[in-house]
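Hi there,

Here is the structure I promised to pass on. Have a look at it first, and then read my notes below.

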Amino acid sequence: MGEFVDQLGWGFETRAVHAGQSPDPTSGAVVTPITLSTTFVQDGVGNHKGFEYSRSGNPTRAALETCVASLEGARHGFAFASGLAAEDNVLRVLHQGDRILLGNDAYGGTFRLISKVWSPLGFPWSAVDLTDIDALAANWPTDTKLVWLETPTNPLLTCIDIEAVAALAHERGALVVVDNTFATPFLQQPLSLGADVVVHSATKYLGGHSDVVGGFLALNDDTLADRIRFTQNAAGAVPAPFDCYLVLRGVKTLGVRMDRHCSNARAVVDLLLGHPAVDRVLYPQLPDHPGHAAAAKQMSDFGGMVSFTMRGGEAAALAVVNNTELFALAESLGAVESLIEHPGRMTHASAAGSPLQVPDSLVRLSVGIESANDLVADLAQALARLD
Ligand code: PLP
């Protein structure tokens, strides 16, 4: 269940449509059925068709787990009820006293989970600059057992050299977890660069349509997979079959959506770069962007997320997010429709006063797959309305 071996050598888009999803043998249905049954009949005690009880394993979830594992080039995949549930399950492989190193630019919910839930239980943590490998090596806390990195980060889009961090962490005996939510496996495959575990908020690009909350873990190590399989079942934060179906349906078009997200992001970046009200544009393709070299090395394109700071500070940033008409003012990201938000007051409010606090002049865009001209025109009018 949820294990993938690519015997056919299929390309990414073929695996996205077919991996784990052969036509249903009983009906011939080409779409993976949504199996709602909570329990599965046994011919004799312990003699079943691979499923006993839906928390432990479910056919629709197994199809999703096999498919996304294949896209990440992973042997094992595990689906969860949310990205944070997936994150919580990775942290359960640690033992009390094990230190977690978290990049100093990360999703506010990850910061909250580590600093407010796990740290009080006896898991020390530090926020570190993962872009500076020499400083990281020189200041490495000896009790570190897990390095948590996002690349590109949320919301500053800083890119971290996964290969370099993994080499250092492994030399020092720590696991490396990469949150691949922003890049998706279409643009970046962290396991091939030395990461031990890949995390996703499937709520974002994997689902892709703002209609399902989900999480995912992909990994290769069999022993680690046994631990995760155990906690997935024992703690029980599993997704419903219908949610698995929605993510699986989203994943089929991941490649084509990502291509459009990337090209639309470039059109938006071109507008912002030349605009007098905009101070700094943050996009990994820009040569002066922090981690541009890492992004160019490990990503096949630069993604659909764009952040920028406003010369007019927080007031201007809040005005822009209120002025757009097509870009909807909302949290979340990675879906077909374009979204705009103010991270300091919205997604990253929980990081206020911490080393992960974000600039108050920052605006974050999740660039959707609408017509590029309409997106550019909407931002242009929102910026023009500032005085
Ligand atoms: N990781 C990143 C990069 C995110 O942006 C988010 C949510 O915004 C999460 C993890 C958490 O995922 P979820 O909201 O599905 O629990």
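To start with a term: a residue counts as near a molecule if one of its heavy atoms lies within 4 Å of it. There are 14 residues around the ligand, and Gly83, Asp179, Ser201, Thr203 and Lys204 come nearest. Please keep in mind that this is a predicted model, in which local features need pLDDT of at least 70 and side-chain atom pairs count only at pLDDT 80 or more, while totals for chains, interfaces and linings use all residues. Residues are numbered from 1 along each chain as its sequence is written, and side-chain values use heavy atoms, with hydrogens and water left out.

The ligand

Helix α3 (residues 83-91) gives the largest share of the shell around the ligand, three residues; helices here are DSSP runs of H or I with at least four residues, strands are runs of E with at least two, and both are numbered from the N terminus. By class, the shell has seven polar, four nonpolar and three charged residues. In this scheme Ala, Val, Leu, Ile, Met, Phe, Trp, Tyr, Cys and Pro are nonpolar, Asp, Glu, Lys and Arg are charged, and the others, Gly among them, are polar.

For Lys204, a polar side-chain atom lies 2.7 Å from an oxygen atom of the ligand. Gly83 instead uses a polar backbone atom, 2.9 Å from a ligand oxygen. On its own the ligand has 390 Å² of accessible area, and the protein covers 91% of that (Shrake-Rupley method, 1.4 Å probe).

The cavities

A cavity is a set of points, on a 1 Å grid over the protein atoms alone, where a 1.4 Å probe fits but cannot get out; its lining residues have an atom within 4 Å of a point. Points are joined across faces, edges and corners, and a volume is the space filled by probe spheres set on them.

The structure holds two cavities of 30 Å³ or more.

Best wishes

Methods. A polar contact is a pair of N or O atoms within 3.5 Å; within protein, one must be able to donate a hydrogen and the other to accept it, and residues adjacent in sequence count only if both atoms are side-chain atoms. On a 1 Å grid over the protein atoms alone, a cavity is a set of points where a 1.4 Å probe fits but cannot get out, and a pocket is an open set with protein on both sides within 12 Å along at least five of seven lines; lining residues have an atom within 4 Å of a point.
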